[in-house]
Amino acid sequence: MSCPHVIRWGILATGYIADCESPYPRNPLLGQSDLSIVFVKDLILDPSTRDVADVKHEVKAVASSSSADRAKKFIQDCKVSRECAAYGSYEELVKDKNVDIVYVATPHSHHYQNTMLCLEAGKHVLCEKAFTTNAAQARKLVETAKAKNLFIMEAVWTRFFPLSLHVRKFIEDGNLGAVYRVIADNSFGDNVEQKYGTSHRMINMDLAGGCLLD
């Protein structure tokens with residue numbers, strides 16, 4: 001058997017999305033946190049648990065904008081390899097020659113500049129959703145990635161659910177006939193202003209808050 005292709009990751013930001021210590025309760029039906037299997041913890045799982053043998057993922061660097069110590073703690077909490085570097089700035093991370101692709105886990109209000117930083121440094125990018133705050137930013141990032149022959153993708157995890165794949169194939173095979181309209185509802189019933197406060201990034205329009213983007 002040939003050796004698997006190793007993809008070397010850098011983690012840009014150590015907040016909730018990337019964090020291994022999710023504050024959310026585990027969903028007893030899904031067997032995972034309510035939002036997603038926390039990215040880094042899943043990334044370093046043995047790929048054979050997913051019946052994958054041709055690709056292996058390694059986390060080679062983590063950066064926190066606040067301090068290298070926070071990045072080090074993140075690495076320890078996630079039980080990442082000792083060969084993983086800890087940085088106190090995003091600029092240091094994208095200069096790391098041991099990193100092939102960067103996972104951008106900052107708040108979406110900062111996705112454009114953080115992703116552009118990675119692309120300009122020649123790194124492939126997986127960027128959390130929402131990809132950008134407007135279409136013009138998204139187009140610019142895609143244009144830059146194409147010009148530099150780099151991979152770029154929005155991290156929409158539901159796209160790869162087995163159920164999503166099955167439904168897509170079911171439609172593509174013509175089992176439903178021509179599809180003219182799709183109605184979807186993805187929502188929750190919290191009073192967001194009461195829960196987060198009006199200055200929180202989830203609400204604050206100056207930080208691209210609101211239901212459309214977050």
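Where is asparagine 149 found? Asparagine 149 sits in the loop between α5 and β8, the latter covering 152–154. I will come back to that residue. What you see above is a predicted model.

First, the overall picture. The protein has 7 helices and 8 strands. It is 214 residues in length, and 31% of these count as buried. Take the contacts with a separation of 6 or more: 61% of them are between residues 24 or more positions apart. The exposed surface comes to about 13900 Å², with carbon and sulfur atoms supplying 54% of it.

Now to one helix, α2, which runs over 68–77. Which residues of α2 are buried? They are Ala71, Phe74 and Ile75. Viewed down the axis of α2, the buried residues fall within an arc of 100°, so they line one face of the helix. As for what covers the buried residues of α2, the list includes β1 (5–12), α1, β4 (55–63) and β5.

Just after α2 comes lysine 79, with a positive phi of about 60°. Lysine 79 is a residue other than glycine, and it belongs to the loop between α2 and β5, where β5 is 85–87. Is lysine 79 buried or exposed? Its relative accessibility is 70%, so lysine 79 counts as exposed.

Back to asparagine 149. Here too phi is positive, about 55°, although asparagine 149 is not a glycine. With 68% relative accessibility, asparagine 149 counts as exposed.

Lysine 129 and alanine 130 are joined by a cis peptide bond, with omega at about -5°. Alanine 130 lies in the loop that runs between β7 (124–127) and α5 (135–147).

Next, the aromatic rings. A pair of aromatic rings is described by the distance of the centres and the angle of the planes. How many aromatic pairs are there? The count comes to 3. One of them is phenylalanine 39 with tyrosine 103, which is stacked, at 3.7 Å centre to centre and with 15° between the planes. Phenylalanine 39 is in helix α1 (residues 39–43) and tyrosine 103 is in strand β6 (residues 101–104), so this pair ties together parts that are 64 residues apart in sequence. Phenylalanine 39 has 17% relative accessibility and counts as buried. Tyrosine 103 is buried as well, with a relative accessible area of 0%.

Tryptophan 157 and phenylalanine 161 make another pair. The ring centres are 5.0 Å apart and the planes stand at 75°, so the pair is edge-to-face. Tryptophan 157 is partly exposed, with a relative accessible area of 29%. Phenylalanine 161, at 31% relative accessibility, also counts as partly exposed.

Which residues form one aromatic cluster? Trp9, Phe39 and Tyr103 do.

To recap, on the structure above you can look for the cis bond between lysine 129 and alanine 130, the positive phi at lysine 79 and at asparagine 149, the buried face of α2, and the stacked pair of phenylalanine 39 and tyrosine 103. That is the end of my part.

Note on methods
Residues are numbered from 1 along each chain as its sequence is written. This is a predicted model: local features need pLDDT of at least 70, side-chain atom pairs count only at pLDDT 80 or more; totals for chains, interfaces and linings use all residues. Side-chain values use heavy atoms; hydrogens and water are left out. Helices (H or I, at least four residues) and strands (E, at least two) are DSSP runs, numbered from the N terminus. Buried means under 20% relative accessible area, exposed over 50%, partly exposed in between (1.4 Å probe, protein chains only). Rings of Phe, Tyr and Trp (its six-membered ring) pair if their centres lie within 6.5 Å; planes under 30 degrees apart count as stacked, over 60 as edge-to-face and the rest as tilted. Contact means heavy atoms within 4.5 Å. Accessible areas come from the Shrake-Rupley method with a 1.4 Å probe; for residues, only the protein chains shown count as cover. The arc is that of the directions from the helix axis to the C-beta atoms.
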